[in-house]
Amino acid sequence: MTASINAARYHLAQRFNYLVLPWMVLLFAFLADIVILELTPAGNDPNRWVGGLASIYCVIFICGVVSVARSLPFGLALGLSRRSYYSGTALLAVALGASYGLVITALQAIERATHGWGIDMAFFRVPYILEGPWYITWLTSAVAMMLLFAYGMWFGLVFRRWGLAGVIAFAAAQVTLVIVGAVVATWADAWASIGHFFHTLSASGLSGVLVVLLLALLVGGFATMRRVTV
Amino acid sequence: MTATISVAGLTRRYRDHLALDDITVDLEDASITGLLGRNGAGKSTLMRILAAQEFPSAGRVRVLGENPMENDAILRRIVLVREDQLFPDFRVYQALRAASWCYPAWDDGLARSLVADFDLPANRLIKKLSRGMRSALGIVIGLAAQADVTLFDEPYAGLDAVARQIFYDRLLADYAAHPRTVVLSTHLIDEVADLLERVVMIDRGRVVLDGPADDVRGSATTVSGPAVVVEQFVGARQTWGRRRLDPGPGAPAPLGTVVAAGGHGARRQP
């Protein structure tokens, strides 16, 4: 247990990368979206949703990659077992997701109260995904963040074990899986029911799907972790 | 008494070569052992397996009585200082701080005094350090960790002679104050020869020599002088090599050099 905590602390020795950088990027995206909305023809669209919130998720994904790709060798050198390193890093992902999700929820409330920051911009009020009561927003945004961190971790582990070629093969395998799934869905004439499933999926249902995905990613990442060497 | 480090039948096979071939070695507590061998002999592989950073293909590894693989309780009593250690984007003080969390016996005073001895800039990014300074950082971590099993894998890459001497002195001083199991792999045999209590030599993945340093030191000697006298001295002893300098005509007698074996040798493995 102590070893896991040490692993999480070890990452946070780089406080800036994990605690400050995501918000700096989000701020940048926020300001960029204001400019785009106000000063470019994009603002003429009645739909006031801007995609800038995705930026912090991209940064979190990169944090996940770096937490393994750059930090694993020294972590193992400090006498952390692979299991502890992995569980400690996953713990960090959960903690970051939960707390950052809460901040996003709070910012969404402020956005609602200020009528879209005074310019009717929907930055945090992402349609369909982040609609609904505040606790669902928290759940969805938190789980999505944990998921992307875990996804990044897995990429980092694949990189550690098999290098760049491995990462590309890994990505290609996932694309293949999606394509195979699409072909099977076509043969089984299942598109209608798939569409129906997602249409009737509530926001909490979506979170459930994301949690299942998160667990799958954590299990997959750990399988890669078990034989990694530095 | 159970050996601190006990390795039996250890083999590590890679796709294209055999790094370790059926290694059996036992190292007792409170000793400084030198791990000698040529480049690519398998020294680093052995140490990495002891620190559970590498997986054995076959054989049994016991450190402090247990298998170190995925064993947190044992791993926090082992420290491996590698010459090719990869660090994240840390500054020197962050690396030391992380190490202090992970090693329960960490000696902060020792760390600070070693940083001063090696003149390490605490605030600098590790990737901006020179090669020698990165080695010095590794040594600081290795010594200040106060781990029961301290493994140094050629830790002085790039260290100048002064810094190397600092390392030897500080190692010996700390070892005298807190005896533990130290394994030091090296090429610089002459420099560390006096430090070593025990010598294990690896060649092409096999242990070829394993015994007390004194025995190894006493097992061979070099004799130089006038060739006739040298030959007389050597007599029927086993020799490793001969060199003979024959001067031109009208010059004094030829000289010879012989490396001869004699006395009690260390256990040699075929």
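**Reading the model**

A: Begin with contacts: two residues are in contact if their C-beta atoms, placed from the backbone, lie within 7 Å. In chain A, residues 24 or more positions apart account for 81% of the contacts with a separation of 6 or more. This is a predicted model, in which local features need pLDDT of at least 70 and side-chain atom pairs count only at pLDDT 80 or more, while totals for chains, interfaces and linings use all residues. Residues are numbered from 1 along each chain as its sequence is written, with chains lettered from A and ligands numbered from 1 in the order in which they are written.

Q: How many helices and strands does chain A have?
A: Helices (H or I, at least four residues) and strands (E, at least two) are DSSP runs, numbered from the N terminus. Chain A has 9 helices and 0 strands. Its C-alpha atoms fill a box of roughly 55 × 50 × 30 Å along the principal axes.

Q: What share of the residues in chain A is buried?
A: A residue is buried if 20 or more other C-beta atoms lie within 10 Å of its own, exposed if 12 or fewer, and partly exposed in between, with C-beta atoms placed from the backbone. Of the 230 residues in chain A, 42% are buried.

Q: How many residues of chain A are in contact with chain B?
A: On the chain A side there are 22, in contact with 25 residues of chain B. The elements of chain A giving two or more residues to that side are α1 (2-12), α4 (72-77) and α5 (82-113).

Q: Which strands form the open sheet in chain B?
A: Two strands pair if DSSP finds at least two bridges between them. Here 6 strands run in the order β5-β6-β7-β3-β8-β9, with mixed pairing. The edge strands, β5 (78-82) and β9 (206-212) of chain B, each pair on one side only.

Q: In which sense do β6 and β7 of chain B pair?
A: Strands β6 (residues 149-153) and β7 (residues 181-186) of chain B pair in the parallel sense over 5 bridges. T150(B) stands opposite V182(B) in β7(B).

Q: Which strands does helix α5 of chain B touch?
A: For directions, axes are lines fitted to C-alpha atoms, for helices over the stretch in contact, and angles run from 0 to 180 degrees between N-to-C directions. Helix α5 (residues 131-144) of chain B packs on the sheet and touches β5 and β6 of chain B, its direction making about 170° with that of β5(B).
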